Amino acid sequence: MFLQHLPLAPWAERTAAGLRLTLLSDTPDLGEVHVRFLLDNEETWQPLKRTGDRGRFACFEATIPWCPTGPTTRYCFRALRGGVPHWLAATGPQRRVPNEAHHFRIAREPLVPAWAQQQLIYQVFPDRFARGPEAPRERPPHAFGYGKAPVHALEWGAPLDVKPAWSAFYGGDLAGIGERLGHLQALGVTTVYLTPVFSSGSNHRYDTEDYDHVDAGLGGDEALVALSQQLHAAGLRLVLDAVLNHTGANHPWFNRFAQHEEPGAWQSPDSPWHGWYARDEHGHPVYWKGHQSLPVLDYAHPEVLDAFIRGPRSVLRRWLQPPVSADGWRLDAVHMLGEGPGAGNNAAMLRAMREAVRDENPEAILVGEHFSEASSWLQGDQEDAAMNYWGFTLPLWQWLGGVDFGGRAAPIATADLAAWLGESRAVVPHEVALAQWNALDSHDTQRLITLLGTDEALHGVAQALQFGYPGVPCIYYGDEVGLEGGNDPDNRRCFDWSGASWRPAILERVKRFAAWRRDRAELREGGCLTLAHGDDWIAFARVNAAAVTLLVLNRGDAAEAVVPLDALPFDVARWASPSGHGWTREGHAIRLPLPARDAAWLWSVDA
């Protein structure tokens, strides 16, 4: 017996009366069909009525009330046949009542601004992307991170052979990004995400020294205004990086190196900012992960809350306001932020951030940085999405490269990949899954092309999943041309604008896949079904009410995949392969020869 339901229209529809649900089954003569849902965390049961057929499926429907507490209504299905119960949850068929973390979940109102699910994100590390006409700008002779260090101004693309690495500057700036806007548009990019741009002593700028001003080395406040206006005029959006968990040790509030006239929290308990920083049981400052360049802020202090979140000119609010009018924030290390020396009351802080940002701009987004599982922040009352390390990047690395982010051996079987991805989709609302930022790598990891030993074919398999899987593709600058790089700081090499090191096949795949995603609504908005897998291949379907795209990935040698189509909610009469792969139709299945380390695409064609 087969059951199917997708948490999107027309199978799940918001109505004035509640949530109307449709369950599909290949078995019309079911004894009992119920939806189990939660009201105020208490299970409630409601029968579904047989309403007719859609193609080869029998349809069962019910409308359930919205949960009055919490952001989402959670539900699953139970059908009885021959005295045997069959369950269906977001993780698929179950033999018993599903874990409530794996229930389908839908909110009464949309949780995420609709634009956030449609994007192609491009992440820029400003010092290494491009120089504008006035770069390199003169910098102070010293920078202050762990201590005082001479600033090293390097020629573009020169080896990074100076210590400390954070004091090396290549002179990339915001004007340089604007000058290369044509490159981004040719890729299909729609949103630019900048790692921190505010005044700082380091090239990475995660040790903020002034939240009120853009770093002079990037061109200052005027340069960010100009870039924002240029992006918005071209129809692109801008997301900034919010470093709210800690400041730099050289921030005037802390003033560890006595570079500022007024005593800071480091110098004196009488400093007006002494209570702004978290302290241990001995009264010593707490530092982020022990890095003494990054003292942690204490959100138990009301003035910290006002400065960063609640105040009318708080950091989160002011850069969403004109003239910059940023479209959202990426929140650095936000899961560690809270009251006291740890993450106390963290959820309340995130809810306050969401409230402040939505109040300032209802269309602005909040995206969290979490290397571990982030589902508790993604239920509709805190973040709109996360950098999807746990739900996308890490399983992809382990499946293709056999290692985790720490370089430890961590190979996984294809069946484990299927289960991991299925669970990561199930534990968040579908519309949140569509907004997740799916990256192959970032400024905090080595480059995937390097991890894979520059195997361009295997890298192409990863690219196909990035553009074909639920979520928003997030390209780390240079990934589109195969820029190599090991762990930090080697993963932050200068972009080679000469083109001499570019890998054309990778670049053309980005452009082609971006165009397919733009043209096929199911790739941006559709549900995801895992149809089948072998030892080294896996087949997904992206489905909406009108269309289907099949994506079959092969990490191994040449193989033949048999992909059943029974799970699709409607029959497809005609298929086409934009990737040029051949196939044969065998009843309710497709037989597909797969070359080694390759990805095959098929999509439905209107009759």
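The model is predicted: local features need pLDDT of at least 70, side-chain atom pairs count only at pLDDT 80 or more, and totals for chains, interfaces and linings use all residues. Residues are numbered from 1 along each chain as its sequence is written, and side-chain values use heavy atoms, with hydrogens and water left out.

**Cavities**
- A cavity is a set of points, on a 1 Å grid over the protein atoms alone, where a 1.4 Å probe fits but cannot get out; lining residues have an atom within 4 Å of a point.
- Grid points are joined across faces, edges and corners, and a volume is the space filled by probe spheres set on the points.
- The count is four cavities of 30 Å³ or more.

**Largest cavity**
- Its volume is about 100 Å³.
- Lining it are 16 residues; Ala374, Leu378, Asn388, Trp390 and Gln436 lie nearest the centre.
- β23 (385–388) and α8 (389–400) each give two or more residues to this lining.
- Eight lining residues are nonpolar, seven polar and one charged.

**Second largest cavity**
- This cavity holds about 70 Å³ of space.
- Its lining includes Asn388, Arg425, Gln436 and Tyr469.

**Sheet**
- Five strands form an open sheet in the order β26-β27-β28-β33-β30, with antiparallel pairing (two strands pair if DSSP finds at least two bridges between them).
- β26 (527–533) and β30 (575–576) are the edge strands; each has a single partner, so one side of each lacks a neighbour in the sheet.
- Strands β27 (537–543) and β28 (548–554) run antiparallel, joined by seven bridges.
- Arg542 has Thr549 of β28 as its bridge partner.
- Helices (H or I, at least four residues) and strands (E, at least two) are DSSP runs, numbered from the N terminus.

Conventions
On a 1 Å grid over the protein atoms alone, a cavity is a set of points where a 1.4 Å probe fits but cannot get out, and a pocket is an open set with protein on both sides within 12 Å along at least five of seven lines; lining residues have an atom within 4 Å of a point. Ala, Val, Leu, Ile, Met, Phe, Trp, Tyr, Cys and Pro count as nonpolar, Asp, Glu, Lys and Arg as charged, and the others, Gly among them, as polar.
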